[in-house]
Every structure is written in structure tokens, then in C-alpha cells.
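Look over the structure below before reading on.

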Amino acid sequence: MSLSKALNDAINAQIGREFGASLQYTNIAAYCDSHAFPKLAQFFYKQAAEERDHALRFIKYVVEAGGTVEIPAVAAPQSTFENVAETFRLALQWEEEVTRQINHLVDLAVAEKDYQTRHFLDWFVEEQLEEVNTMDTLLRIATRLGEQNITLLELYLPELEEEE
Ligand code: FEO
């Protein structure tokens, strides 16, 4: 097995957080859906599916590297929100936190001279740049529009999705 116990444990914890992100985005999508923001709902359902794919990407890597997959308990997501802007703020904070977690995994891989895992993590390093940027853009547009005009935000979504 090429994966150390420390990295294996850290990746298993990250798998739980990726599934947690998937649940959080699903709950945000449901909130948007029930407040008549159909495109935003679609956008967040898609984000939720991407987070599940992130978890699977880690799972497949652990298997390939001869490690042991142990999916941890996943906390319930936040399900009530003041408004749409709050969901973007939460998503942005989440993605910034994930970026720190991915960086920590990279630090561990580098410290262990595990260049295989270091290389594998590059995809996530790039992905986080995009995810933080997307949520930051959404939050800035929502802030500029204000709560009264927030419905107009749905007009921006096709462009944001093209960037992904
Ligand atoms: Fe899997 Fe949005 O980080």
C-alpha cells in the first residue's frame, strides 16, 4: 500500500466533508426551489452532484492506492436561511474552508514525499480556485442587486455555468 495511515485518515475525513457539501448544496437547492428560484435551484442541484463526484474521486483514489475507505458520519446541513444571499455566503465560506482542507492534504503529501497523492490533489487545487470564484461572484452580484431585485440574478446563471 502506497498510502500512509495519516494520509488515508485525512482523505477519509475529506470524503465525509465532500458528501457534507453535497448535502448542504442539496438543501440550498431545495430552499431556492421552494422560494421560486428555479434556475438557482438547478445550479445548486448540479453543485450537489459535483460534490458527490468529488467524494467518489477521493474514494476511487484511496482504493487505487491500496488504502481503506471509511466514510465518516456526515452532519446534517443547514436548512433554514434568511434569504438567497445568505446561501451564497454560506457556500463561499464552505468553499474557502474546503480550500484550506485541500491545502492541508497537499502539505501532508509533501511532508511524506508522497508525490503520487500530491499529483492526484492537483485537480482539487484547481477546482477550488473555480469553486471559490463562482460563489464569490454569486455573492457579489446578489449584494449589488439587493434583496428587492434578487430574482434578476437568475439571468446571470447561464454565464456562471459556462465558466465551470
Ligand atoms: Fe468539493 Fe466544492 O468542494
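**Helices and their packing**

Helix 1 and helix 3 are roughly antiparallel, a label given because angles over 145 degrees count as roughly antiparallel, whereas those under 35 count as roughly parallel, 65 to 115 as roughly perpendicular and the rest as oblique. Their axes cross at roughly 170° and come within 11 Å. Axes here are lines fitted to C-alpha atoms, for helices over the stretch in contact, with angles running from 0 to 180 degrees between N-to-C directions. The contact of helix 1 with helix 3 has 17 nonpolar, 5 polar and 3 charged residues. In this count Ala, Val, Leu, Ile, Met, Phe, Trp, Tyr, Cys and Pro are nonpolar, Asp, Glu, Lys and Arg are charged, and the others, Gly among them, are polar.

The model is predicted: local features need pLDDT of at least 70 and side-chain atom pairs count only at pLDDT 80 or more, while totals for chains, interfaces and linings use all residues. Residues are numbered from 1 along each chain as its sequence is written, and side-chain values use heavy atoms, with hydrogens and water left out. The protein chain has an average pLDDT (the predictor's confidence in each residue, from 0 to 100) of 93, and 95% of the residues score at least 70. Confidence is highest in helix 1, at 97, and lowest in helix 5 (residues 157–163), at a mean of 63. Where pLDDT is low, the predicted coordinates should not be read in detail.

Helices are DSSP runs (H or I, at least four residues), numbered from the N terminus. Helix 1 (residues 5–34) also packs against helix 2 (residues 38–64), at an angle of about 165° and with the axes 8 Å apart. This pair is therefore roughly antiparallel. The residues in the contact of helix 1 with helix 2 are 19 nonpolar, 6 polar and 4 charged.

The end C-alpha atoms of helix 1 are 44 Å apart, which agrees with the 44 Å that its 30 residues should span at 1.5 Å a residue; the expected span is 1.5 Å times one less than the number of residues. Helix 2, with 27 residues, should span 39 Å, and its end C-alpha atoms are 39 Å apart, which agrees. Just after helix 1, Ala-36 has a positive phi of about 60°.

Helix 3 (residues 84–111) has 28 residues and reaches 41 Å from its first C-alpha to its last, close to the expected 40 Å. Just after helix 3, Lys-113 takes a positive phi of about 55°. Helix 3 packs with helix 4 (residues 115–145) at about 160°, their axes 9 Å apart. Helix 3 is therefore roughly antiparallel to helix 4. Their contact holds 18 nonpolar, 3 polar and 6 charged residues.

Terms used
Helix = DSSP H or I, 4+ residues; strand = E, 2+ residues; numbered from the N terminus.
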